[in-house]
Every structure is written in C-alpha cells, then in structure tokens.
Amino acid sequence: MCPDASWKTLYCTLPKDLERMILVPAGTFLFGSFKHVVAVPAFYIDAAPCSVGEFADFLGRTSHTLQDRWDRPGELILRVDELEAQLRTITANDPDMALGGATCDDALAYARWCGKRLPHLCRMGEGGPRH
C-alpha cells in the first residue's frame, strides 16, 4: 500500500515483497565530515539483509557468475571455486544466514533481479535520515 499518491509512480511498482520492507520516513541527517544537512525523501528498505539461501536462489535462476575475490591488486584471497563451495555448504547448513562478502556487482545484480535498487550513498550515511 502506498503512503500517499506521490509514492505510486516511484515505489508501488517496484518490489513484489513490500510486506517484508520497512518504510523509512522522510527526514534530514548530517552527512560527511562537514556535516551537511541532507534532506531524504521517504523510502522502503528491506527489513532483513539478503540471506545466503536467497542469493543462492538468485544464482540458480540467473546467468550471474561469481568472480574471484581480491584483497588488493595481485593478492587473491578466494578463488571462485572455493567461494562456490562455501556458498553450497552454508546454503545446505544455514540458508537463513545473512550474506556477507558480496561484491558491488553481486549486490547490484541481485537488487535488479529482485526489482529493487541499492540505496543511494546519502541514504547509507550515518544511519539514514533523522527528523
């Protein structure tokens, strides 16, 4: 359900699982080291992070491929085959565990697949909007 008519075009056509989301009211917050006052419109955010099981479902239903994880240029920390093995093990043992270690590409692809979008930087800053 849309909070008001202005939301209809922006948000009511997006997520199919709106009941699993929380409406964050519009407000302002202090952003950055210079404490700029930023106004943020109301928005919905998932009540819980993406689980390993949900991400595994996404991988199984799409052509998205995982990539090797690098700590810094030239320093491989996890090969894709090791990552896939870890994901299979965790999915089998604890599918509700929150996903960690996703790359920006993984997160963006998952959000698009869900019909959602990633939060804007200003919405992430210092815990979100304050009244």
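Helices here are DSSP runs of H or I with at least four residues, and strands are DSSP runs of E with at least two, each numbered from the N terminus. By that rule, the chain has four helices and six strands. From the N terminus on, the elements run β-β-β-β-α-β-β-α-α-α.

This is a predicted model, in which local features need pLDDT of at least 70 and side-chain atom pairs count only at pLDDT 80 or more, while totals for chains, interfaces and linings use all residues. Residues are numbered from 1 along each chain as its sequence is written, and side-chain values use heavy atoms, with hydrogens and water left out.

## Overall picture

A residue is buried under 20% relative accessible area, exposed over 50%, and partly exposed in between (1.4 Å probe, protein chains only). The chain has 131 residues, and buried ones make up 29% of them. Contact means heavy atoms within 4.5 Å. Take the contacts between residues at least 6 apart in sequence: 61% of these join residues at least 24 apart.

## Helix α1 and its packing

In helix α1, Val52, Gly53, Phe55, Phe58 and Leu59 are buried. These buried residues pack against α2 and α3.

Helix α3 spans residues 104-114 and holds aspartate 106. Is aspartate 106 buried or exposed? Aspartate 106 counts as buried because its relative accessibility is 2%. Its side chain makes a polar contact of 2.8 Å with the side chain of histidine 64. A polar contact is a pair of N or O atoms within 3.5 Å; within protein, one must be able to donate a hydrogen and the other to accept it, and residues adjacent in sequence count only if both atoms are side-chain atoms. Setting aside neighbours within four places in sequence, aspartate 106 is in contact with Phe55, His64, Leu66 and Arg69.

## Salt bridges

A salt bridge is a side-chain nitrogen of Lys or Arg within 4 Å of a carboxyl oxygen of Asp or Glu. How many salt bridges does this rule give? The count is three.

| Glutamate 54 | Arginine 20 | 2.7 Å |

Glutamate 54 forms a salt bridge with arginine 20. That pair links distant parts of the chain, 34 residues apart: glutamate 54 is in helix α1 (residues 52-61), and arginine 20 is in the segment before β1 (21-24). Glutamate 54 is partly exposed at 24% relative accessibility. Arginine 20 is also partly exposed, with a relative accessible area of 46%.

Lysine 116 counts as buried because its relative accessibility is 16%. Aspartate 46 is partly exposed at 34%.

Aspartate 57 and arginine 61 both lie in helix α1, four residues apart, about one turn of the helix. An α-helix has 3.6 residues a turn, so residues three or four places apart point the same way. Aspartate 57 is partly exposed, with a relative accessible area of 32%. Arginine 61 is exposed, at 62%.

## Cysteines

A disulfide is a pair of cysteine sulfur atoms within 2.5 Å. The whole structure has zero disulfides. Cysteine 50 is in none; the nearest cysteine sulfur belongs to cysteine 114 and is 6.9 Å away. Cysteine 50 counts as buried at 18% relative accessibility. Cysteine 104 is exposed, with a relative accessible area of 68%.

Lysine 35 lies in the loop between β2 (27-31) and β3 (36-40). Most residues other than glycine have a negative phi. Lysine 35 is partly exposed, with a relative accessible area of 44%.
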